[in-house]
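The structure comes first, and the notes follow.

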Amino acid sequence: MRMSSLAENDVCGTRENESCQTRDGDPSVIQEGKAEILIPESKNVFYNPVQEFNRDLSIAALTVLAKEHFQKLEEKKIEEVSNKTEMSNEIGGEVHKDGIVIIEALSATGLRSIRYAKEISGVKQVIANDISETAVKSIKENVTFNEVDSLVTVSHDDAVMLMYAHRHPSKRVHAVDLDPYGCPTQFLDAAVQCVTDGGLLLVTCTDMAVLAGNAPETCHAKYGAISLRTKACHEMGLRIILQCIETHANRYGRYIVPMLSVSADFYIRVFVKIYSGAAMCKRSTSKLSLVFQCVGCETHVFHPLGVAHKFGEKVNQYKFSLPHAPVNGVCEHCGQKFHIGGPIWNGPLHDESFVSELISITDPERFRTARRMEGVLTVIQEELPDVPLYYSVDKLFSTIRCEIMSMMLFRSALLNAGYRVSLSHASKYSIKTDAPANVVWDVVRTWQLSHPVKTERLSNAGSAILAKSPTTVVSLEKHPDANPNSRQMGLVRFQENPRPFWGPGTRAKTNFQDQKMEKSIRNQGKHSKKQRKRSRSHSKSPEIRKKNMTENISNSSDNNNLSEKDTEMKEDK
Ligand SMILES: C[S@@+](CC[C@H](N)C(=O)[O-])C[C@H]1O[C@@H](n2cnc3c(N)ncnc32)[C@H](O)[C@@H]1O
Ligand SMILES: [Zn+2]
């Protein structure tokens, strides 16, 4: 087998300056965690080193799942006064006959599956599947190279067919990992059926432009929800995929409980547990909301699809009703009309104890991205669990054309007024709060009394907001709780500046039984004109390409790509 060097072979969708770690003295082997991946001869197998954070997080999540699995087994055995079932090692790499079974439905090089096998204790079997013949060849080589043949079963199938083969309750698996190119929704119907009760479904979406409001019609076609152009687009994306998984699960009398929902780099990743229960499915309407977004000031108003009223002592004693429309046609703050987006998931994005468990196993000896994991998970731990979406401080002040207020002061003003406040891990300039929108606008109005507004460029919405006097007494004194622990601890809370060629990576030329995918045949030569045009207007400098890609992905609206230093400057103002 000929191995080509990394520099000449663009398997990562990246060339120089990327973080592919090749094994010491051997450029034909990529090392990530405990896995060593042979660099394939052709470009037909996908590998993206930027997703190491995604893989590290997934290993941590599955480690927690395996631990819970063995705890449950032990409880059962204690009840049955039988032998104890124990995890015999702490580090993975061994077959546990009572362990968890994981399907990696879209495996590419097999890297993820091999890491699951070698780095998670308590695994019985990992099924590494791909539709591409070339990918399957690469998985087989890598599985043997890593000596995990007893743990990893290689499968060459359409992911959907593989998962349908596991949908009978006796054949269900403990975890399913979906890490597709772009949108995962075509795999969800099968995935929600083949996970055991209490098992974990891990889903990545990299089609952020669709989820972030650039193509609401496409978003509806794919996810069954309208996306909106909003500063909170990354969290909105998380809530759209969660509602999509929930509605797929509901069709089979099943429902989701989100454990962790992460917006990172150019993608989102959700970790949800799946359970069965028709009564809980009826509560889904109260966990999904339409989102009314003011076109003038971007204030959000949520309209749940249903209301569940608890009565009686028993767990599932609920009555249901339909809610009345939440808005009267125009925005009460600025008088403009609304766009309607969603439905989105309106419940918690994370499970508190699951996140604490993850933080407790985030060890730099184990994960190369541990610092980032700890930072992001700590911000997630601080997020208000019951407040969907967030305000963006820069958007609030750009609406009234006024100098921006520091994050610290804004948080202080809301805390001083008696409300709760937090950041969202999805944006540096986010404010999550249970304060009503008129209180948030009163903070803005109070600030502008001592800071000049550029009235000549003020929009109708901005003028209408400033025409009202504040009704809340706003104190701009610094509040002791306004500085979150994650910030005081100096953690890596947000994504650092992207490296050149950062992005979802290049799609491998997927072949199945040596047939080129239909679409690629249809599109042959179609893009060359476009590309020529683009290359005239785009510089070839990696910095500019990186900037363009970043702007596209983040909907030209978020500030996630500013460095931590920039935020600190704003915060310390
Ligand atoms: C983004 S890559 C997966 C990357 C991998 N999970 C990792 O962490 O490196 C997507 C893979 O899905 C495969 N794929 C696409 N459609 C598929 C299908 N219907 N069934 C199985 N595999 C499929 C592609 O061949 C490709 O290898
Ligand atoms: Zn408005």
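## Helix H12

Helix H12 covers residues 370-382. Its 13 residues reach 18 Å from the first C-alpha to the last, close to the 18 Å expected at 1.5 Å a residue; the expected span is 1.5 Å times one less than the number of residues. Helices (H or I, at least four residues) and strands (E, at least two) are DSSP runs numbered from the N terminus. The buried residues of H12 are Ala370, Arg372, Met373, Gly375, Val376, Leu377, Thr378, Val379 and Ile380. Buried means under 20% relative accessible area, exposed over 50%, and partly exposed in between, with a 1.4 Å probe and protein chains only.

## Basis of the values

This is a predicted model, in which local features need pLDDT of at least 70 and side-chain atom pairs count only at pLDDT 80 or more, while totals for chains, interfaces and linings use all residues. Residues are numbered from 1 along each chain as its sequence is written, chains are lettered from A and ligands numbered from 1 in the order in which they are written, and side-chain values use heavy atoms, with hydrogens and water left out.

## Packing of H7 and H8

The axes of helix H7 (residues 216-223) and helix H8 (residues 233-250) come within 10 Å and cross at roughly 30°. Axes are lines fitted to C-alpha atoms, for helices over the stretch in contact, and angles run from 0 to 180 degrees between N-to-C directions. H7 and H8 are therefore roughly parallel to each other. Angles under 35 degrees count as roughly parallel, over 145 as roughly antiparallel, 65 to 115 as roughly perpendicular and the rest as oblique.

H7 makes the contact through Cys219, Lys222 and Tyr223, and H8 through Ile240, Ile241, Gln243 and Cys244. Contact means heavy atoms within 4.5 Å. The residues of this contact divide into five nonpolar, one polar and one charged. Ala, Val, Leu, Ile, Met, Phe, Trp, Tyr, Cys and Pro count as nonpolar, Asp, Glu, Lys and Arg as charged, and the others, Gly among them, as polar.

## Nonpolar cores

The largest nonpolar core has 52 residues, of which Met163, Val176, Leu178, Leu201, Tyr223, Ile241 and Ile245 touch the most other members. H8 gives the most to this core, with eight residues. A second, separate core of 50 residues includes Val64, Val143, Ala264 and Met373. A nonpolar core is a set of buried Ala, Val, Leu, Ile, Met, Phe, Trp, Tyr and Cys residues joined through side-chain atoms within 4.5 Å.

Leaving aside residues up to four places away in sequence, isoleucine 245 touches Leu188, Val192, Leu201, Val203, Ile256, Val270 and Val272.

## Backbone exceptions

Most residues other than glycine have a negative phi, and most peptide bonds are trans. The bond from glycine 342 to proline 343 is cis, with omega near 0°; proline 343 is in strand S15 (residues 338-345).

Glutamate 147 has a positive phi of about 55°. It sits in the loop between helix H3 (133-145) and strand S6 (152-156), and is exposed at 70% relative accessible area. Arginine 401 has a phi near 50°. It lies in the loop between helix H13 (393-399) and helix H14 (407-416) and is partly exposed at 32% relative accessibility.

## Two further loop residues

Serine 406 is also in the loop between H13 and H14, but is buried, with a relative accessible area of 5%. Proline 504, in the loop between helix H17 (485-488) and strand S19 (511-512), is partly exposed at 25%. The C-alpha atoms of proline 504 and threonine 206 are separated by 6.6 Å, although the two are 298 residues apart along the chain.
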